[in-house]
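Welcome! Take a moment to turn the model around on your screen, and then we will walk through it together, one region at a time.

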Amino acid sequence: MITERHLFGPGPSNPYPEATDALARPLLGHLDPAFLAIMDEACEMLRTVWGTTNARTLPISATGSAGMEAAFVNTVHDGDVVVVAVNGLFGQRMCDVAARCGAEVVAVEHGWGQPVDVDRVLSAHPSPAIIAAVHAETSTGVRSDIAALGAGKGDALLVTDAVTSIAGIELAADDWGIDVGYAGTQKCLGVAPGLAPFTIGDRAFERRVEKPRSWYLDLNLLGGYVGEAGVKGGGRTYHHTAPVAMVVSLHAALARILDESLPAVWARHEDAGRRLQDGLEAMGLELFAAEGWRLPELTTVKVPDSVDSAAVRRHLLEVHGLEIGAGAGAYASTVWRIGLMGHNARPDAALLVLAALEDALAQAG
Ligand code: PLP
């Protein structure tokens, strides 16, 4: 994904230095009332970006993958049928994680670059305990229709991966029927990697596993960490030492995002992605993700025949200070992934990538 060499650096190229500046502040103690107030506010702001009123909404102290594990380890009972929509790497990972939690996984495979086929997923099993899907597949640059899955889920719980969608494109957990959602901080939230914003509704919590096979991610125990799992006014008990600097940084980023307003932040991502994708097509390049389902924050583009993918990426990094990603899985050398997320979701960043890529391709040719 595209970044300046300093991912979230406070240099002149980042107009939103709040999250990074917060990391440099003197540390508060993890039980200092001032920190507890920041944690409470961060949970409250997370509810807003998730589009939920779920009391149990909190930043889990680990990366997005831990959010995925927390989702499954707390909700999968032995032998439960879990239908997973697989249209990229992270859907595949969901299958692995759910299976390790004891699920009988029904994987509904899709071609990479395609959105989730809602009808196929909903008809894959007559009575699944859980239906799971990735909202924004980072491996392919594709958005899927979570609202339609929620509308048709029946009695199943809907688990949603919002790692690359949160604060980048519209996300409405309650309206869409998301029962369990997890995300990450390092994408459109513009915070360093290290936390997994997590939310679980009452219906899912009531069906939770009594003694999950994870101590650290057991929501029963995590309850006290943020005051009864984010329940406002709930009692607090020691569970683990909060990564104070990360939570303060997340708090700063959320405050800034809500100050800009979520619709404005989504529109900024949409505008930057549109400029980039239009520009790439104007250069004669072919986009990889299915039309109509392209993520603005993560653009996938086919590497032209006869172009050395790695050489272009190296040129961008070394000459222009821009990092774009290789493709994932089977597309490692035939697709590029270009992220315009968080502070990089700006027209000037899109134009910079286009100009630099044109230069890199000229060198490669
Ligand atoms: N899900 C998606 C869609 C992702 O893009 C990622 C990471 O990029 C993850 C899950 C895993 O998150 P992490 O790498 O923060 O553990």
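This is a predicted model: local features need pLDDT of at least 70, side-chain atom pairs count only at pLDDT 80 or more; totals for chains, interfaces and linings use all residues.

Two helices, α3 (64-73) and α4 (89-100), each give at least two residues to the shell around the ligand. What kinds of residues make up this shell: how many are nonpolar, polar and charged? Four are nonpolar, six are polar and three are charged. Of the 13 residues around the ligand, the ones that come nearest are Thr-63, Ser-65, Thr-138, Asp-161 and Gln-186.

Now zoom in on the oxygen atoms of the ligand. A polar atom in the side chain of Thr-138 sits 2.4 Å from a ligand oxygen. For Ser-65, an N or O atom of the side chain is 2.6 Å from an oxygen atom of the ligand. Lys-187 also takes part, with a polar side-chain atom 2.9 Å from a ligand oxygen. How much of the ligand does the protein bury? Taken alone, the ligand exposes 380 Å², and the protein buries 88% of that.

Within α4, the buried residues are Gly-91, Met-94, Cys-95, Val-97 and Ala-98. Just after α4 comes Gly-102, with a positive phi of about 100°.

At the start of α2, a side-chain oxygen of Asp-32 comes within 2.7 Å of the backbone nitrogen of Ala-34. Among the buried residues of α2 are Phe-35, Leu-36, Ile-38, Met-39 and Ala-42, and Arg-47 and Trp-50 are buried too. After α2 comes Gly-51, whose phi is positive, near 75°.

Arg-268 lies in helix α11 (residues 262-282). Is Arg-268 buried or exposed? Arg-268 has a relative accessible area of 13%, under the 20% cut-off, so it counts as buried. Leaving aside residues up to four places away in sequence, Arg-268 touches Tyr-16, Arg-256, Glu-260, Gly-342, His-343 and Ala-345. The side chain of Glu-260 makes a polar contact with the side chain of Arg-268 at 2.7 Å, and the backbone oxygen of Ala-345 lies 3.2 Å from a polar atom of the Arg-268 side chain.

Arg-346 counts as buried because its relative accessibility is 10%. A polar atom of its side chain lies 2.5 Å from the backbone oxygen of His-343, a residue that Arg-268 touches. Again leaving aside residues up to four places away in sequence, Arg-346 touches Ser-13, Pro-15 and Ala-272. Ser-13 also lets us look back at Arg-268: these two are 255 residues apart along the chain, and their C-alpha atoms are separated by 16 Å.

Note on methods
Residues are numbered from 1 along each chain as its sequence is written. Side-chain values use heavy atoms; hydrogens and water are left out. Buried means under 20% relative accessible area, exposed over 50%, partly exposed in between (1.4 Å probe, protein chains only). A polar contact is a pair of N or O atoms within 3.5 Å; within protein, one must be able to donate a hydrogen and the other to accept it, and residues adjacent in sequence count only if both atoms are side-chain atoms. Contact means heavy atoms within 4.5 Å. A residue is near a molecule or strand if one of its heavy atoms lies within 4 Å of it. Accessible areas come from the Shrake-Rupley method with a 1.4 Å probe; for residues, only the protein chains shown count as cover. Helices (H or I, at least four residues) and strands (E, at least two) are DSSP runs, numbered from the N terminus. Ala, Val, Leu, Ile, Met, Phe, Trp, Tyr, Cys and Pro count as nonpolar, Asp, Glu, Lys and Arg as charged, and the others, Gly among them, as polar.
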